[in-house]
Amino acid sequence: MRNACSWFVSKTAFVVFSFVSTGVWAGASHDGHEGHSSAQAQMPIGQQGKAGEVTRTIEVDLFDNYFEPEQIAVSAGETIRFKLNNEGALVHEFSLGTPAMHEASQDMMKMMVDHGVIQGGTLNRERMAMDMGNGHTMAHDDPGSVLLAPGETAELVWQFGQPTTLEFACNVPGHYQAGMVGDVEFK
């Protein structure tokens, strides 16, 4: 019975992960918010920006369960380079999305913890690349999101879409709920 239960949990996780990674959550996906194509018309949060079109750079520090700054102001169509620094002792994420997108992303992030990809202050990149079947992995390859181990830095270039309720958040289990979320305000 234990093997059957393990098989069911493993297959359920694979199906859920496959569902998530193919871009079917309420128009969003962790490997491409909104798919950044035809679905963008449904919820225009923006798309991966081009480095040559950056109008300004915003530095964001990720601490253990808060961001500095806690709020950013942008204009529709503006392309921003985010310089991200994980100053905390834990793995953190910087993810742009609506509250509903963050809620959906938290289930996938929980699976990443359950499968040992995220272990407190450790990010196991080997497990991120692990084949979950049918070529699906737990790669965190969303153009609007970056996952950082403690001490890591990264850049994310984003072109904002039309004004909407938008946040930047960390969706590692418990971090959003602990207050690791900031507001994106449109000027």
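1. The side chains of His92 and His175 make a polar contact at 3.1 Å. The side chain of His92 also makes a polar contact with that of Asp64, at 2.8 Å. (A polar contact is a pair of N or O atoms within 3.5 Å; within protein, one must be able to donate a hydrogen and the other to accept it, and residues adjacent in sequence count only if both atoms are side-chain atoms.)

2. This is a predicted model: local features need pLDDT of at least 70, side-chain atom pairs count only at pLDDT 80 or more, and totals for chains, interfaces and linings use all residues. Numbering starts from 1 along each chain as its sequence is written, and side-chain values use heavy atoms, leaving out hydrogens and water.

3. Is His92 buried or exposed? His92 is buried, with a relative accessible area of 0%. (Buried means under 20% relative accessible area, exposed over 50%, partly exposed in between, with a 1.4 Å probe and protein chains only.) In the protein, 44% of the 187 residues count as buried.

4. His92 lies in strand E6, residues 92–97. (Strands, E, are DSSP runs of at least two residues; helices, H or I, of at least four; both are numbered from the N terminus.) The protein has 3 helices and 12 strands.

5. An open sheet of 5 strands runs in the order E4-E12-E11-E6-E9, with mixed pairing. (Two strands pair if DSSP finds at least two bridges between them.) E4 (71–74) and E9 (145–148) stand at the edges, each with a single partner strand, so one side of each is left without a neighbour in the sheet.

6. E4 and E12 (residues 181–186) run parallel, joined by 4 bridges. Gln71 stands opposite Asp183 in E12.
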